[in-house]
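Please look over the sequence and the model before reading on.

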Amino acid sequence: MSICARLKAGIETRSAEETRSIAAEWAAGLPADATVALHGDLGSGKTTWVQGMATGFGITSPVTSPTFTIYNVHPGTLRMLVHLDAYRLAGVAQAEDLLLEEFLVSPWCLAIEWPEKIPTWIPPDAWHLDLEVGADGRHHVRLR
Ligand SMILES: Nc1ncnc2c1ncn2[C@@H]1O[C@H](COP(=O)(O)OP(=O)(O)OP(=O)(O)O)[C@@H](O)[C@H]1O
Ligand SMILES: [Mg+2]
């Protein structure tokens with residue numbers, strides 16, 4: 001089964017490393033102008049997923065949560081990654097002030113944590129992933 005088909009069915013990951021590895025494999029096949037909206041509660045693995053995507057893009061700089069910087073830019077050999085954490089954004093108007101449209105075209109890939117803070121800003125062709133931790137403590141990821 002392709003990585004996309006597996007993700008649509010939903011994958012349980014047993015470690016952060018496994019999450020990163022799946023994210024890297026998936027990201028390597030993404031179009032060059034992809035926007036990825038990462039839905040999920042605190043600690044569900046959104047930043048961990050972006051770390052894996054970065055590896056898939058040939059990025060070697062460390063990817064950490066941009067909660068205080070709002071977004072971080074990571075140049076890679078295969079793609080440029082922008083990692084946005086919308087958690088602290090007041091709303092769509094503030095997102096518009098960031099002029100993120102620049103990052104919606106090739107070779108930029110925009111990964112967004114807490115996309116529900118800026119729902120009307122998210123481009124209609126964005127990929128949506130749902131991450132969650134089950135009652136048993138296991139992490140799951142599913143592509144909508
Ligand atoms: N299978 C797994 N997949 C992802 N993360 C896992 C897994 N197992 C354990 N973890 C741990 O869960 C935590 C996930 O944290 P992460 O920062 O990625 O979440 P987040 O969704 O970005 O949270 P926040 O909303 O605070 O930004 C990390 O400490 C990671 O090591
Ligand atoms: Mg995070």
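The notes below start with conventions and then go through the topics in turn.

The model is predicted: local features need pLDDT of at least 70, side-chain atom pairs count only at pLDDT 80 or more, and totals for chains, interfaces and linings use all residues. Residues are numbered from 1 along each chain as its sequence is written, chains are lettered from A and ligands numbered from 1 in the order in which they are written, and side-chain values use heavy atoms, with hydrogens and water left out.

**Ligand 1: shell**
- There are 16 residues around ligand 1, and Thr13, Thr19, Lys46, Thr47 and Thr48 come nearest; a residue is near if one of its heavy atoms lies within 4 Å of the molecule.
- By class, the shell holds 3 nonpolar, 9 polar and 4 charged residues. Ala, Val, Leu, Ile, Met, Phe, Trp, Tyr, Cys and Pro count as nonpolar, Asp, Glu, Lys and Arg as charged, and the others, Gly among them, as polar.

**Ligand 1: polar contacts and cover**
- Polar contacts are pairs of N or O atoms within 3.5 Å; within protein, one must be able to donate a hydrogen and the other to accept it, and residues adjacent in sequence count only if both atoms are side-chain atoms.
- Glu113 uses a polar side-chain atom, 3.1 Å from an oxygen atom of ligand 1.
- On its own, ligand 1 has 640 Å² of accessible area, of which the protein covers 69% (Shrake-Rupley method, 1.4 Å probe; for residues, only the protein chains shown count as cover).
- Helix H2 (16-28) and helix H3 (46-56) are the elements that give two or more residues to the shell; helices (H or I, at least four residues) and strands (E, at least two) are DSSP runs numbered from the N terminus.
- H3 gives the largest share, 3 residues.

**Backbone features**
- Ser106 and Pro107 are joined by a cis peptide bond with omega of about 5°.
- Pro107 sits in the loop between helix H4 (92-97) and strand E5 (108-113).
- Ile70, a residue other than glycine, has a positive phi, near 70°.
- Ile70 belongs to the loop between H3 and strand E3 (71-75).
- Most residues other than glycine have a negative phi, and most peptide bonds are trans.
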